[in-house]
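Subject: Structure handover

Hello,

Here is the structure for you to look through. Please open it first, then read the notes below it.

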Amino acid sequence: MDKKTTHKLPVLAICYDFDKTLSPDDMQAQGYIQSVGYDVEEFWQEANDFAKSNDMDGNLAYMYKMVEEAEANFVLNRRALAEYGSHVRLFEGVEGWFKRINEYGKVNGVTVEHYIISSGLKEMIEGSAIANEFTKIYASSFCFNAKGVAKWPAQVVNYTNKTQFLFRIEKGVLDVNDDAVNDYFPPEKLRVPFRNMVYLGDSQTDIPCMKLVNVNGGHSIGVYNPTGDKSRVLKLLTENRVRYIAPADYREGGELDNLIKAIIDRTAANEKLESKHVKDKKEI
């Protein structure tokens, strides 16, 4: 089973949505939709209509439509999906972000880990330039037949079930089939307590994760395209869904860079106090 052991340094888990958080657009709209002869808006409208007419999860509907449309055009396998993923654009600074933030954490006594929690496609994210930066990628994915062709959903991640992955990260029980995620863990045995989690997202589909992190003392951040409209994240801030907002500019010295570094600083200080608290309780 995929489990993470406790670490000698406190762990800060930064959890990211993908589309419009790390990338400016939906990943399917950056090559795949065009390759099956659709206008982007037309594709999503048909997928949404199909979901409504069949009382179906919207993510299952778009995955079904991807398989259906590919049948007449090309073989939809891991290689094809990874190839589409390799062309996904990223916001400014994303590719250099992880190494820099990891190093800042290390210097300040915090181990930083990065996780994806996305309704997008795992196979496409795995083809992206940043795939190897993540401890775990939680995303919708396909089941492939013996010939390697996508035939059925293996995992569907929507806005409500995203929260299960936060509990997996909290307990270090990362395998999606490991039901130990439901076991009781005493607070001092939690690998990444919620106070040491950051969730970055851009819209209402991220609200359950944002709220869960918020109410448990963590840090939720609403990001927006630096060249676009920030009304969605302002709404999230107004409704107390996020604690902070920042442009999705991941370059050194930017607002988001400074914010994450401040959170790392706070984590280091908090964990010194928590260690003292746990030590004192052992005397009871």
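D257 and R100 are both buried. Their side chains meet in a salt bridge, with 3.0 Å from N to O. This pair links distant parts of the chain, as D257 sits in helix α10 (residues 255-281) and R100 in helix α5 (residues 94-107), 157 residues apart. Keep in mind that the model is predicted.

Other salt bridges

Side chains of opposite charge can pair when their charged atoms come close. The structure holds 14 salt bridges. One of them joins K65 to E46, where the closest N and O atoms are 2.8 Å apart. K65 belongs to helix α3 and E46 to helix α2 (residues 40-53), so this pair ties together parts that are 19 residues apart in sequence. Are the two partners buried or exposed? K65 counts as buried because its relative accessibility is 6%, and buried means under 20%. E46 has 33% relative accessibility and so counts as partly exposed.

K65 also forms a salt bridge with E69, at 3.0 Å from N to O. E69 and K65 are four residues apart in helix α3, so about one helical turn separates them. E69 is buried, as is K65. Elsewhere, a network of salt bridges links D17, K162 and D206.

The sheet

Strands of a sheet pair through backbone hydrogen bonds, either parallel or antiparallel. In this model there is an open sheet of seven strands, in the order β4-β3-β2-β1-β5-β6-β7, and the pairing is mixed. β4 (150-155) and β7 are the edge strands, each pairing on one side only. From one strand to the next, the twist averages 25°. β2 and β3 run parallel and are joined by five bridges; Y115 stands opposite K136 in β3.

How many residues of β6 (residues 219-224) are buried? Six of its six residues are, so the strand is mostly covered. In a regular strand the side chains alternate between the two faces of the sheet. In β6 both faces are covered: one side has H219, I221 and V223, the other has S220, G222 and Y224, and all of these are buried.

Which strands does β6 pair with? Strand β5 (residues 197-201) runs parallel to β6 and is joined to it by four bridges, and Y199 has S220 in β6 as its bridge partner. Between β5 and β6 the chain passes through helix α8 (residues 207-215), in a right-handed β-α-β crossover. β6 also pairs with strand β7 (residues 244-247), again in the parallel sense and over four bridges. There, I221 has Y244 in β7 as its bridge partner. The chain goes from β6 to β7 through helix α9 (residues 231-238), and this β-α-β crossover is right-handed as well. Helix α9 lies across β6 and β7, at about 165° to β7.

Helix α4

An α-helix has 3.6 residues a turn, so residues three or four places apart point the same way. In helix α4 (residues 78-86), the buried residues are A80, L81, Y84 and G85. These cover an arc of only 140° around the axis, which puts them on the same side of α4. What covers them includes α1 (32-35), α3 (58-70), β2 (111-121), α6 (122-125) and β3 (136-144).

Regards

Methods: Residues are numbered from 1 along each chain as its sequence is written. This is a predicted model: local features need pLDDT of at least 70, side-chain atom pairs count only at pLDDT 80 or more; totals for chains, interfaces and linings use all residues. Side-chain values use heavy atoms; hydrogens and water are left out. Buried means under 20% relative accessible area, exposed over 50%, partly exposed in between (1.4 Å probe, protein chains only). Helices (H or I, at least four residues) and strands (E, at least two) are DSSP runs, numbered from the N terminus. The arc is that of the directions from the helix axis to the C-beta atoms. Contact means heavy atoms within 4.5 Å. A salt bridge is a side-chain nitrogen of Lys or Arg within 4 Å of a carboxyl oxygen of Asp or Glu. Two strands pair if DSSP finds at least two bridges between them. A crossover is right-handed if, with the strands pointing away from the viewer, the path from the first strand over the helix to the second runs clockwise. Axes are lines fitted to C-alpha atoms, for helices over the stretch in contact, and angles run from 0 to 180 degrees between N-to-C directions.
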